[in-house]
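Have the sequence and the structure open side by side as you read.

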Amino acid sequence: METDPSRRAMLPRNAWNPEFELQNCQANVELDLELFRSIIPRACREISAADPGPGDSLIPSLSHLEIAILDDPEIARIHQEQMNDGSPTDVITFHHGELLISADTARREADARKWPTERELLLYLIHGMLHLHGYNDMETADRDAMHRLQ
């Protein structure tokens, strides 16, 4: 869990600086978790500095963020359970501050785009955080706004 009270005091009052847990719950894709741990606090600050989306931003009320990196079978199971869609997906965001991210999907997409899997996973992390900040990607205009911020 990331907690550094000295840095928290230096942030602007409106900056989102939640404690977070990062768990790698898959074995298919080798990941540099320290890279993620170093980027998550900055990503939270950047998200909180952006204008909220058209929906309600939940980040002012979230002091804790849980991030789990899963494989495709597990994220597909949860996708079916929560959204009645049994296909693997990139990220599932829960309003209580839990983000589930698929490493297998990230690797496939990264290979297709010819960039590192970590970059794709970070996009999914930002995407999930934007959902927490009131953004929705169901409509084309909203999806385009999210992609610009990512």
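Helices (H or I, at least four residues) and strands (E, at least two) are taken from DSSP runs and numbered from the N terminus. Please keep in mind that this is a predicted model.

**Histidine 133: setting and contacts**
- Histidine 133 has a relative accessibility of 4%, so it counts as buried, the cut-off for that class being under 20%.
- Its side chain makes a polar contact with the side chain of serine 57, at 2.6 Å.
- The histidine 133 side chain also reaches the backbone oxygen of alanine 50, at 2.9 Å.
- Leaving aside residues up to four places away in sequence, histidine 133 touches Ile47, Ser48, Ala50, Asp51, Pro52, Gly53, Asp56, Ser57 and Ile59.

**Asparagine 84: a positive phi**
- Look for asparagine 84 in the loop between helix H3 (72-83) and strand E3 (91-94).
- Asparagine 84 is not a glycine, yet its phi is positive, near 55 degrees.
- Asparagine 84 counts as exposed because its relative accessibility is 65%, where the class requires over 50%.

**Lysine 114: another positive phi**
- Lysine 114 sits in the loop between helix H4 (103-113) and H5.
- Its phi is near 60 degrees, again a positive value in a residue other than glycine.
- With 73% relative accessibility, lysine 114 counts as exposed.

Conventions. Residues are numbered from 1 along each chain as its sequence is written. This is a predicted model: local features need pLDDT of at least 70, side-chain atom pairs count only at pLDDT 80 or more; totals for chains, interfaces and linings use all residues. Side-chain values use heavy atoms; hydrogens and water are left out. Buried means under 20% relative accessible area, exposed over 50%, partly exposed in between (1.4 Å probe, protein chains only). A polar contact is a pair of N or O atoms within 3.5 Å; within protein, one must be able to donate a hydrogen and the other to accept it, and residues adjacent in sequence count only if both atoms are side-chain atoms. Contact means heavy atoms within 4.5 Å.
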